[in-house]
Amino acid sequence: MDGRGCSRISQEAPNPLIIPASLAANCGANPVRSAWLASLPATARSLALRWKLTFGEPFADATCAWVAPARRADGSAAVLKLGMPHFEAQDEIQGLRFWNGEPTVLLLESDEQAGAMLLESCTPGSKLSAQPEDEQDVVIAQLLRRLWSSPGWLDVFRPLSLMIRHWIDETLANSQFWSDPHLVRDGLQAFEELSQSESERVLLATDLHAGNVLRSQREPWLVIDPKPFIGDPAFDSTQHLLNCRASLMSDAEGKITRFADLLQVDRERVRRWLFARAAAEPRSVWRDDDLSQLAKKLSKSIC
Ligand SMILES: Nc1ncnc2c1ncn2[C@@H]1O[C@H](COP(=O)(O)OP(=O)(O)O)[C@@H](O)[C@H]1O
Ligand SMILES: [Mg+2]
């Protein structure tokens, strides 16, 4: 668990609650999230009473949630996650319930109103991102293929096209900051075309990357932090690929081909989703940012 062993778990919720800097920074400018952050100590205390938990210092790498190692009344280890109000993460509890530990962490308790989850603890909890990239490709491809399913009641989840629409609207609202409007418009058009031309629809994790895969005992690797939407499986390749920036910059074609083949998805759709995200996904800095550089590279070499 990233060095946070049970010996450091306190008898009650630390008061005042420790808030990781990255989470505070993510909430700062947004009134809804600031209000959520202000209510965190009370929420954590009431859940500690209700679920009979003691918990320790939160994981410092959390950016969209307050997450801490916890111990239940029977002495077993767990992890408490309190999710920040976040459009993409709205159905995380439903998703964990659906996947039921295959191959995600198990959901032990939940409170949808509070965005609260008591999760199976991954031990030792080290991240797949510490492993070589070739190994990451193989493990992530295997996990994604297990996550993708399409039983009848999937319609409780939101369509991927809704998330794409949300991203398009946010990017359009920031048009004054675009440094290369042609590139962004091409990316927006690719988003529109891709989300209207899905031939296969499955339950996606949408944010599966090597930092959201933890070493565990029940299985070698378990998925945390899914953001479920229903849509094109080729889209689910993109978060891991975007994190493999150096490989994409040096050999985009080779990297995309290898990963698309491991996933057994359409290479061309992987290429186009990747281009759309690099060119037009919302971001805080548009001028000379890394993603735009990648989009230019992709548009030269493969689009
Ligand atoms: N079930 C778990 N077992 C062990 N550690 C966990 C677990 N869930 C989360 N963590 C730790 O908390 C961190 C943040 O959790 P995550 O769900 O990825 O939140 P965020 O939405 O902020 O990325 C992870 O990177 C990991 O270090
Ligand atoms: Mg995460």
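This is a predicted model: local features need pLDDT of at least 70, side-chain atom pairs count only at pLDDT 80 or more; totals for chains, interfaces and linings use all residues.
View 1. The protein has a mean pLDDT of 92, and 93% of its residues come in at 70 or more. Residues 1-12 are another story, with pLDDT below 50. Even so, that stretch has 25 contacts in the model beyond near neighbours in sequence.

**View 2. The open sheet.** Here 5 strands line up in the order β1-β2-β3-β5-β4, and their pairing is antiparallel. At the edges sit β1 and β4 (residues 107-111), each of which pairs on one side only. Look inside the sheet and you'll find β2 running antiparallel to β3 (residues 77-83), with 7 bridges between the two. Across from V79 in β3 stands P69.

**View 3. Two helices on the sheet.** Helix α2, made of residues 31-50, packs on the sheet and touches β1, β2, β3 and β5 (residues 116-120). The directions of α2 and β3 make an angle of about 145°. Helix α3, residues 92-99, also packs on the sheet, this time touching β3, β4 and β5. Its direction is at about 150° to that of β4.

**View 4. A look around C64.** You'll find C64 in the loop that links β1 (residues 54-55) to β2 (residues 65-71). C64 counts as buried because 21 other C-beta atoms lie within 10 Å, where 20 or more are needed. Leaving aside residues up to four places away in sequence, C64 touches N26, G83, M84, H86 and A89. As for R287, it sits 223 residues from C64 in sequence and 25 Å from it in space, going from C-alpha to C-alpha.

Notes:
Residues are numbered from 1 along each chain as its sequence is written. Chains are lettered from A and ligands numbered from 1 in the order in which they are written. pLDDT is the predictor's confidence in each residue, from 0 to 100. Two residues are in contact if their C-beta atoms, placed from the backbone, lie within 7 Å. Helices (H or I, at least four residues) and strands (E, at least two) are DSSP runs, numbered from the N terminus. A residue is buried if 20 or more other C-beta atoms lie within 10 Å of its own, exposed if 12 or fewer, and partly exposed in between; C-beta atoms are placed from the backbone. Two strands pair if DSSP finds at least two bridges between them. Axes are lines fitted to C-alpha atoms, for helices over the stretch in contact, and angles run from 0 to 180 degrees between N-to-C directions.
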